[in-house]
Amino acid sequence: MTGPGLLNRQRRRRIIASMFAFSCAAAATLCVVVLFLLVGKIFSEGAAWLNWDFLWNLPSRHPEKAGIKTALAGSLWLTGLTAVISLPVGIGAAVYLEEYAAVSRWKKLFQINIANLAGVPSIVYGILGLAVFVQLFTLGSSLISGALTLSLVILPIIILATQEALRGVPDSIRHASYALGATRWQTVRHQVLPAAMPGIMTGVILALSRAIGEAAPLVAVGAMAYVPFVPSGPTDQFSALPIQIFNWAARPKAEFHQIAGAAIIVLLFVLICMNVTAVAVRHFYGKRVRW
Amino acid sequence: MVMDRRSLLPNSSKKQTVTTYTMTTTEPIAMDDPTTADDAISRVPTVPVNPPIAQSENSASAEGLPSANVKLVTRNLRFFYGSVQALSDISMSIPVNRVTALIGPSGCGKSTFLRCLNRMNDMIEKTRVEGDVLLDGNDVYKPGTDVVELRKRVGMVFQKSNPFPKSIFENVAYGPRLTGINGRAELQEIVEKSLKRAALLDEVKDRLNDSALRLSGGQQQRLCIARALATSPEVLLMDEPASALDPASTTRIEDLIFELRERYTIVIVTHNMQQAARVSDQTGFFYEGQLIEVGPTRQLFTTPTEKQTEDYITGRFG
């Protein structure tokens with residue numbers, strides 16, 4: 001009952017242990033492999049169509065003449081406007097919740113709401129944007145409607161990221177500032193916000209890169225697939241990269257699928273740039289602030 | 001006289017100084033140092049206030065220190081964290097230009113008491129204060145009191161050094177900047193004077209623009225003292241300022257406290273009874289939210305009147 005039984009049990013345990021490790025490794029590999037397959041396919045289809053003309057041409061019925069000039073311009077406009085709208089509101093809300101609001105039932109309710117809003121599907125915000133900004137405020141299917149709607153989508157993300165960054169600033173810093181006779185505003189302005197800035201910037205950039213990839217809410221507020229001009233102001237009609245990609249990918253012609261791939265490459269490039277900036281900000285400032 | 005006292009500074013032999021220090025407490029503080037009078041930073045109080053309650057039962061402090069005027073007085077100070085009472089009826093006088101030490105076991109309320117003096121407890125939610133804290137005769141809890149102004153007059157140094165993640169210069173200049181001083185030359189002067197008072201200038205004068213976080217623990221704590229001095233406070237509250245430091249740095253801080261008492265009224269919370277004996281003129285013993293006994297340091301350590309005090313200082317509990 002002793003010798004062989006014990007050995008068997010040991011061997012079984014070891015096999016189960018290694019099987020588990022193997023499954024986890026396989027799951028991790030699967031994610032990466034699928035990602036590489038997707039990117040590989042997109043590159044093999046779209047890379048050939050990538051050239052200067054593609055970036056600078058207007059959209060067209062003929063795939064060889066079509067370009068993403070208006071869509072790219074629309075996306076840049078949207079991102080800029082969204083940043084202008086969501087940054088002050090999002091950071092302001094987070095500063096209020098973290099630095100000013102007393103612990104109360106209202107604050108808790110607020111907090112739960114924001115966490116839930118971060119999980120609401122973006123199409124819901126799109127419908128909301130259509131009802132409120134486009135129709136009620138009669139802003140029409142304009143850039144400003146799109147940017148306001150995208151701001152709604154990313155506000156919860158910015159608020160949560162900023163709160164997290166503010167919570168990372170140790171209370172001893174606030175106490176030191178108050179003990180020197182600083183007001184709350186002076187403490188926030190001169191100590192807390194600068195110390196939290198790397199975390200806030202990281203959150204903001206990641207939130208904006210979410211905004212730049214959104215298609216659904218823009219479709220709902222009425223972004224156009226075919227806009228033959230570059231928007232010159234916030235009230236103009238617009239297209240955006242994800243909209244353009246969706247439109248091309250939905251067409252039957254194979255060439256359009258390929259230029260959709262090319263547009264995806266551009267979008268991915270923009271996204272990667274933004275993410276690299278986020279990492280760089282964190283890395284650069286993270287070195288200087290260490291508690 | 002100043003020179004005499006400095007020569008008694010404890011550098012290696014601390015024990016023997018217990019008595020020497022307390023002997024000096026009965027002498028008036030020397031004001032004959034020529035640099036003191038016209039010094040921009042020093043704010044020697046011009047209106048001495050004689051507290052009306054000096055004779056009350058608990059505030060025996062002034063009795064043993066007849067030559068000292070009173071800077072701060074608490075009357076029946078009570079403090080509550082929610083429904084938990086942390087301080088019960090603390091009445092105490094804190095003499096000007098003296099070091100008052102608060103001792104007692106952990107959780108006895110001495111830090112809470114200290115933070116009542118510059119209203120740092122205001123920031124803790126669900127707390128309540130009753131009773132009076134009089135600074136030069138004015139109640140600091142009176143409605144309409146400018147807390148910001150109060151904290152400039154009553155500076156504070158914390159247990160754990162907490163420099164801002166900025167340069168040494170900016171750390172010290174922060175307080176003056178808050179009050180609107182922006183001239184580079186003026187700031188430079190204040191920063192250097194404060195660092196000098198905190199006995200740190202010689203070590204950092206060539207690297208004022210370096211990050212404060214690169215200083216050693218003891219240097220950081222002295223920087224925090226310099227930072228507190230830069231707003232020209234009248235009172236300096238210290239919450240176990242040396243408890244996180246090595247013995248050498250502790251000695252430096254203690255020497256510094258001894259020098260600072262010429263210009264500032266100091267209240268120090270300490271776990272370390274030897275430290276209280278070494279640096280203070282008056283000692284208060286707290287136990288379970290009550291001020292059990294307060295008196296001249298030598299008297300409290302040699303002939304305590306309360307049994308609990310005696311038990312504590314002889315190490316029978318706590």
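This is a predicted model: local features need pLDDT of at least 70, side-chain atom pairs count only at pLDDT 80 or more; totals for chains, interfaces and linings use all residues.
Residues are numbered from 1 along each chain as its sequence is written, chains are lettered from A in the order in which they are written, and side-chain values use heavy atoms, with hydrogens and water left out.

Phe113(B) belongs to a covered helix. In helix 5 of chain B (residues 110-117), seven of the eight residues are buried (helices are DSSP runs of H or I with at least four residues, strands are runs of E with at least two, and both are numbered from the N terminus). Besides Phe113(B), the buried set holds Lys110(B), Ser111(B), Thr112(B), Leu114(B), Cys116(B) and Leu117(B).

What does the ring of Phe113(B) pair with? Over all chains there are seven aromatic pairs, where rings of Phe, Tyr and Trp (its six-membered ring) pair if their centres lie within 6.5 Å, and planes under 30 degrees apart count as stacked, over 60 as edge-to-face and the rest as tilted. Phe113(B) and Phe286(B) make a tilted pair, with 5.3 Å from centre to centre and 45° between the planes. Phe286(B) lies in strand 9 of chain B (residues 282-287) and Phe113(B) in helix 5, so this pair ties together parts that are 173 residues apart in sequence. Phe286(B) also counts as buried, because its relative accessibility is 0%. Elsewhere in chain B, Phe285(B), Tyr287(B) and Tyr312(B) form one aromatic cluster.

Two backbone positions in chain B deserve a look. Just after helix 5, Arg119(B) takes a positive phi of about 60°, although this residue is not a glycine. Arg119(B) sits in the loop between helix 5 and strand 4 (127-135), and counts as buried because its relative accessibility is 14%. Glu288(B) is another residue other than glycine with a positive phi, near 50°. The loop between strand 9 and strand 10 (290-296) of chain B holds Glu288(B), which counts as exposed because its relative accessibility is 60%.

The charged end of Arg184(A) sits over the ring of Tyr100(A), 5.6 Å from its centre, a charge being over a ring if NZ of Lys or CZ of Arg is within 6 Å of the ring centre and within 35 degrees of the ring normal. In chain B, Arg184(B) lies over the face of Phe169(B), at 4.1 Å from the ring centre.

On a 1 Å grid over the protein atoms alone, a pocket is an open set of points with protein on both sides within 12 Å along at least five of seven lines, a cavity is a set where a 1.4 Å probe fits but cannot get out, and lining residues have an atom within 4 Å of a point. The largest pocket has about 560 Å³ of space, where grid points are joined across faces, edges and corners and a volume is the space filled by probe spheres set on the points. Helix 7 of chain A gives the most to this lining, with four residues. The lining divides into nine nonpolar, three polar and nine charged residues (Ala, Val, Leu, Ile, Met, Phe, Trp, Tyr, Cys and Pro count as nonpolar, Asp, Glu, Lys and Arg as charged, and the others, Gly among them, as polar).

How many cavities of 30 Å³ or more does a search of the whole structure find? There are three. The largest cavity has about 70 Å³ of space, and its lining includes Ala176(A), Leu180(A), Phe158(B) and Arg227(B). Helix 10 of chain B (217-229) supplies the largest share of that lining, and by class the lining has eight nonpolar, one polar and one charged residues. The second largest cavity has a volume of about 50 Å³. Its largest lining share, four residues, comes from helix 3 of chain A.

Technical notes: Buried means under 20% relative accessible area, exposed over 50%, partly exposed in between (1.4 Å probe, protein chains only).
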